[in-house]
Amino acid sequence: MTIRYDGRVAIVTGAGAGLGRQHALLLGSRGAKVVVNDPGGSVDGRGGANAAADAVVAEIRAAGGEAVANYASVADAEAAAGIVQTALDTWGRLDILVNNAGVLRDKSFHKLELSDFEFVVKVHLLGSVYVTRAAWPVMREQRYGRIVVTTSISGSVGNFGQSNYGAAKMGLLGLMNCLQFEGASYNIKINAISPSARTRMTEELLPEAVLKWMHPELISPAVAWMCSEGCEASGEIIWAAAGNYARVKYLQSQGVQFDPSQPVTPEMFADALPQIMSLERPMDHSGAFRQLEENLKRFVS
Ligand code: NAD
């Protein structure tokens, strides 16, 4: 089965460099018409130049594909909606949205300016919200949409000096978790990529022995699958790094069940800690309420 996007229109935000560029090139090489969004600028979101988006548009066109540039910042709600408008004005539809744009302003929490926290949340989390919100009515109306958000292990596991980034990246998962339900009856699938690859973002963070395998183009096949018509999954997180692809889920321990009609003391909780913390027979956290219902059958009201 060949995965193609003929007749489909895609937006890739932050597509002027790194992972976004690879996603845009791959989608473009397989028939998608691509809005290459990128205001340019440095890794911390300062400065800007049209050249980044223009170069990727030229690459897609040179390979025989169709692409148009957009230089908006996703962090500006009105401009972000304009990215969707660019797709509609140019090709009259929008099928695929890859929320990829990102910046870093790393600092330990006690040194971090609130303005740097807010800026990082604005680009990653609110930027994805702004573009997705503009795309949503279009996708609902046509009863078709494929949306990707870009999360990070710096959020799901944490990383020193990245509280702003980690918070924003986990916020994206909350957004995805809820939108998977709201999009379900409209054939809108939304999934998350958790990538790790060599780009200017990670050049300083990882050792060379690891980095040399972490080609950014190895992330895009997972994203491309999430963007495809055949993707039936929604609400999934896929980890991708150096040719390694895996599903990420939240685990919940078997825990303890006290009689809910009786008081529970902090000491009872503390005594049950080994059972609460044990991940010996973990369950999928999405089954929490099902399991609770099962547990409560033991008690008479
Ligand atoms: P990168 O810096 O090479 O690319 C990010 C792109 O986003 C740049 O081209 C930049 O100009 C653009 N951008 C920045 N602010 C923008 C804005 N306001 N509006 C639109 N575009 C904007 O970094 P990358 O590694 O390719 O990162 C891509 C995404 O992947 C980011 O969301 C990043 O957080 C995420 N990510 C990357 C890694 C990794 O290992 N590289 C790991 C986890 C998550």
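**Close-up 1. Aspartate 38 reaches an oxygen atom of the ligand.** In this predicted model, a polar side-chain atom of aspartate 38 lies 2.5 Å from that oxygen. Threonine 199 also has a polar side-chain atom 2.5 Å from an oxygen atom of the ligand, and for lysine 169 the distance is 3.0 Å. Each pair is a polar contact, meaning two N or O atoms within 3.5 Å; within protein, one must be able to donate a hydrogen and the other to accept it, and residues adjacent in sequence count only if both atoms are side-chain atoms. Taken alone the ligand exposes 820 Å², and the protein buries 96% of that (accessible areas by the Shrake-Rupley method with a 1.4 Å probe; for residues, only the protein chains shown count as cover).

*Reading the model.* Residues are numbered from 1 along each chain as its sequence is written, and side-chain values use heavy atoms, with hydrogens and water left out. Because the model is predicted, local features need pLDDT of at least 70 and side-chain atom pairs count only at pLDDT 80 or more, while totals for chains, interfaces and linings use all residues.

**Close-up 2. A shell of 29 residues surrounds the ligand.** The closest are Asp38, Asn100, Tyr165, Thr199 and Arg200; a residue is near the ligand if one of its heavy atoms lies within 4 Å of it. By class, the shell holds twelve nonpolar, 14 polar and three charged residues (Ala, Val, Leu, Ile, Met, Phe, Trp, Tyr, Cys and Pro count as nonpolar, Asp, Glu, Lys and Arg as charged, and the others, Gly among them, as polar).

**Close-up 3. The ligand sits in the largest pocket.** Sitting there means that more than half of its atoms lie within 2 Å of the pocket's grid points. The pocket has a volume of about 930 Å³, and among its 46 lining residues Gly102, Val103, Tyr165, Thr199 and Met201 lie nearest its centre. On a 1 Å grid over the protein atoms alone, a pocket is an open set of points with protein on both sides within 12 Å along at least five of seven lines, a cavity is a set where a 1.4 Å probe fits but cannot get out, and lining residues have an atom within 4 Å of a point. Points are joined across faces, edges and corners, and a volume is the space filled by probe spheres set on them.

**Close-up 4. One cavity of 30 Å³ or more turns up in the whole structure.** Helix H4 (residues 114-142) gives the most to its lining, with four residues (helices, H or I with at least four residues, and strands, E with at least two, are DSSP runs numbered from the N terminus). The lining has three nonpolar, six polar and no charged residues.

**Close-up 5. Arginine 143 has a positive phi, near 55 degrees.** Arginine 143 lies in the loop between H4 and strand S5 (145-150).
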